[in-house]
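Have the coordinates open as you read.

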Amino acid sequence: MELTPIVAGNWKMHKTPKDGHSFVEKTTNLLLEINHVSVIFAPPFTGLFDIDVQPPFYLAAQNCHWEEQGAYTGEISVAMIRDCSAEYVILGHSERRHVFGETDNWINRKVIAVLAGGLKPILCIGETLDQREAGETDLVLKNQLEQGLAEVESLQNIVIAYEPVWAIGTGVTATINQVESAHESVRGILKEIFPDSNDIHVLYGGSVKPANAEELIQVPGVNGFLIGGASLDVESFTSITRTVETVQKRNL
Ligand code: PGA
């Protein structure tokens, strides 16, 4: 079965609820013709409330806590996210791992909680520059996948985003060969862990822009993008989405 590509915009800590509302309204109006791509907006938690989107547009949270409720000041549960009609939760983003010290074990608990709550995790993985230069990329991806998906029974409802840390927000995009080879490794590792699961979305993230989207979306094994900087601007986000739609239609 052919997977519908995903274009997901991770707004990080940008846009007030009002700004987000107007951004989503403008973007969805400009993308009325889209029907071969799933488009995901991931605003900060405050921007998830009271925002209404219909397929092919979806909402994602950027993080969550694994407990259902309790004395966890500053945290947000899966049920709270679901109540805002979000369908996805980004987990293990490089900034959560490297700035906020999230461990694979925490990320794993979150993955399990998100699945149990009926939502879809977008599990981010990726190596640092030091790890790449030490030839450890495949090992890092394997560890992050094995640990992040521990106790998970199948790949159903899971999206993986391969985001090399050194390419996030730096303007440096991984080369086509690097992206292809990382995506091939990811699929090989997933096949080892889940021999019976169907193929799943593996997105690329890291300095995706209108100028490189066409080349990157055609890399074998890339089923869409997780976009930071370029997802904040109506023009660049709609341009990337249209590019993915055009390439997808051409391939059908
Ligand atoms: P970037 O961020 O597109 O700004 O590199 C990607 C991400 O953090 O998901």
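Asp50 is found in the loop between β2 and β3; helices here are DSSP runs of H or I with at least four residues, strands are runs of E with at least two, and both are numbered from the N terminus. This is a predicted model, in which local features need pLDDT of at least 70 and side-chain atom pairs count only at pLDDT 80 or more, while totals for chains, interfaces and linings use all residues. Residues are numbered from 1 along each chain as its sequence is written, and side-chain values use heavy atoms, with hydrogens and water left out.

Back to Asp50: its phi is positive, about 65°, although Asp50 is not a glycine. Asp50 is exposed, with a relative accessible area of 58%; buried means under 20% relative accessible area, exposed over 50%, and partly exposed in between (1.4 Å probe, protein chains only). The loop between β2 (38–42) and β3 (57–61) also holds Pro56. A cis peptide bond joins Pro55 and Pro56, with omega at about 15°.

Another positive phi, near 75°, belongs to Asn157, again a residue other than glycine. Asn157 sits in the loop between α6 and β6 (159–162). With a relative accessible area of 40%, Asn157 is partly exposed.

## Where α6 meets α7

Helix α6 (residues 137–148) and helix α7 (residues 176–193) have axes that come within 10 Å and cross at roughly 40°. Axes are lines fitted to C-alpha atoms, for helices over the stretch in contact, and angles run from 0 to 180 degrees between N-to-C directions. The two helices α6 and α7 are therefore oblique to each other; angles under 35 degrees count as roughly parallel, over 145 as roughly antiparallel, 65 to 115 as roughly perpendicular, and the rest as oblique. The crossing of α6 and α7 is right-handed, a term used if the near helix is turned clockwise from the far one by less than a right angle, with anticlockwise giving left-handed.

On the α6 side, the contact is made by Asp138, Leu141, Lys142, Leu145 and Glu146, and on the α7 side by Ala182, Ser185, Val186, Ile189, Leu190, Glu192 and Ile193. Contact means heavy atoms within 4.5 Å. By class, the residues in the contact of α6 with α7 are seven nonpolar, one polar and four charged. Ala, Val, Leu, Ile, Met, Phe, Trp, Tyr, Cys and Pro count as nonpolar, Asp, Glu, Lys and Arg as charged, and the others, Gly among them, as polar.

## Where α4 meets α6

Helix α6 also packs against helix α4 (residues 104–116): the axes of α4 and α6 come within 8 Å and cross at roughly 45°. The pair α4 and α6 is therefore oblique as well. Asp104, Asn108 and Val111 of α4 make this contact with Gln144, Gln147 and Gly148 of α6. Here the classes are one nonpolar, four polar and one charged.

## Salt bridges

How many salt bridges does a search of the whole structure find? There are eleven, each being a side-chain nitrogen of Lys or Arg within 4 Å of a carboxyl oxygen of Asp or Glu. In one of them, Asp199 pairs with Arg187, and the closest N and O atoms are 2.6 Å apart. This pair links distant parts of the chain, twelve residues apart: Asp199 lies in the loop between α7 and β7 (202–205), and Arg187 in helix α7. Arg187 counts as partly exposed at 21% relative accessibility. Salt bridges that share partners also join Arg96, Glu102 and Lys110 into one network.

Arg132 and Glu127 form another salt bridge, at 2.8 Å from N to O. Glu127 counts as buried, at 0% relative accessibility.

Glu214 is in helix α8 (residues 210–217) and is partly exposed, with a relative accessible area of 38%. Leaving out residues up to four places away in sequence, Glu214 touches Thr243, Val247 and Arg250. Glu214 and Glu133 are 81 residues apart along the chain, and their C-alpha atoms are separated by 27 Å.

Lys191 is in helix α7 and is partly exposed, at a relative accessible area of 48%.
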